[in-house]
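Student: Hi! I've just opened this one and I'm new to it. Can you walk me through it?
Tutor: Happy to, here it is.

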Amino acid sequence: MTLGNLQRAKLTEWIKDESGKLGFFATGISQPGRLDDDARRVEDWLEGNNHGEMSWMERNREKRYDPTRLVEGVLSIITVLCNYTPKEKIFREDEFQVSNYAYGKDYHRVIKDKLYQLLGTIEEKTGKRKARVFVDSAPVLDRAWARKSGLGFIGKNTLLINRKGGSYFFIGHLMLDLALNYDENREEKNFCGSCTLCLKDCPTGALEPFRLDANKCISYLTIEHRSKIPERFKDKMHNWIFGCDICQEVCPWNREVVVHHEPDFDPPEKLKKMNKTQWRDLSEEDFTLLFRNSAIQRVGFEGLKRNIHYLPE
């Protein structure tokens, strides 16, 4: 399908409008190609062994840097942000902590479903497309493509920060064989300024400006790290048993963000009532029932119990 300039502009804006109707608070569109600068940064990061046990980061590297090697015939990358800022923090600080993004249903499923709906809407208008949907589960540089399409800047905590929406959001991509208008010159400069709150407040010292050592990151240690958690972190975990939000909680860009309006991200009542005793007594059957549709399922029952029993009584 070949479009004139006016048609392409109208279709691009229509797609962004449809994306908003599905609950995405920001949408940007990029022209696919190799991300040379990001490739160099990732290679340097890998050489420093900052990825810990995440060996999958070492595979499919050229596909990660260049999506034209990942999706044949791709002409546009539609990147979306979906807010998950909770209505309330459901755990007291003296109780075990679960990252905000895992309060509700598994975001992979929720966001993918929405992106497939968006694709279906596009196909109703343009005809069948060659397309693929990605949500944090493929060799894609999520934050790089979001930054490239003008959806934010990379903060000192290495997260994408949107000046209107902070950093509590999921990133998804729809890659398809349809040439659209690209948000090419909308990349934002860094707006962290002299702020170093995220660096100072990380209890394990995992952060340097714009660089994360996953080997020290609580989120990595409680999810991706499969072997025994090193003893040196035992008194630095701040009760986190799945993920960690500290570098986001202290970020000034998250002070005035609006809460999400996605029912699938709301926590079940049973999760809201969990205390340390209930966490420690959690059976495998209860784990399966409570987290059947949750991102917490990813760490598995044994992994979650490892995290719980690692922390001091």
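Student: Which residue in β7 is the bridge partner of Arg132?
Tutor: Met175 is the bridge partner of Arg132 in β7. This is a predicted model, where local features need pLDDT of at least 70, side-chain atom pairs count only at pLDDT 80 or more, and totals for chains, interfaces and linings use all residues. Residues are numbered from 1 along each chain as its sequence is written, and side-chain values use heavy atoms, with hydrogens and water left out.

Student: Okay, and how do β4 and β7 pair?
Tutor: β4 and β7 (residues 169-176) pair in the antiparallel sense, over 4 bridges. Two strands count as paired if DSSP finds at least two bridges between them. In this structure, Phe134 stands opposite His173 in β7.

Student: What about β2 and β7, how many bridges there?
Tutor: β2 and β7 pair over 8 bridges, in the antiparallel sense. Ile78, for instance, has Leu174 in β7 as its bridge partner.

Student: What is the order of the strands in the sheet?
Tutor: The order is β1-β2-β7-β4, in an open sheet of 4 strands with antiparallel pairing. From one strand to the next, the twist averages 15 degrees.

Student: Which helix packs on the sheet and touches β1?
Tutor: Helix α1 (residues 5-21) does, and α1 touches β2 (76-83) as well. The direction of α1 makes about 145 degrees with that of β1. Contact means heavy atoms within 4.5 Å. For the angles, axes are lines fitted to C-alpha atoms, for helices over the stretch in contact, and the values run from 0 to 180 degrees between N-to-C directions.

Student: And which strands does α4 lie across?
Tutor: Helix α4 (residues 107-126) lies across β2, β4 and β7, running at about 35 degrees to β7.

Student: Back to β7: how many of its residues are buried?
Tutor: In β7, 8 of its 8 residues are buried. Buried means under 20% relative accessible area, exposed means over 50%, and partly exposed is in between (1.4 Å probe, protein chains only).

Student: Which residues sit on which side?
Tutor: Phe169, Ile171, His173 and Met175 are on one side of β7, with Phe170, Gly172, Leu174 and Leu176 on the other, and they are all buried. In a regular strand the side chains alternate between the two faces of the sheet.

Student: New topic! Is α12 enclosed or exposed?
Tutor: Helix α12 (residues 300-310) has 8 of its 11 residues buried, so it is largely enclosed by the rest of the structure. Among the buried ones are Phe301, Leu304, Ile308 and Tyr310.

Student: What covers them?
Tutor: The cover for the buried residues of α12 includes α7, β10 (240-242), α10 (276-280) and α11 (284-290).

Student: Which residue other than glycine has a positive phi near 65 degrees?
Tutor: Phe210 does. Phe210 lies in the loop between β8 (207-208) and β9 (211-212), and counts as partly exposed at 44% relative accessibility. Most residues other than glycine have a negative phi.

Student: What about Asn239, what is its phi?
Tutor: Asn239 has a positive phi of about 70 degrees, although it is not a glycine. Asn239 sits in the loop between α7 and β10 and is buried, with a relative accessible area of 17%.

Student: Last one: how many helices and strands does the chain have?
Tutor: The chain comes to 12 helices and 10 strands. Its C-alpha trace spans about 65 × 40 × 35 Å along the principal axes, and 53% of the 313 residues count as buried.

Methods:
Helices (H or I, at least four residues) and strands (E, at least two) are DSSP runs, numbered from the N terminus.
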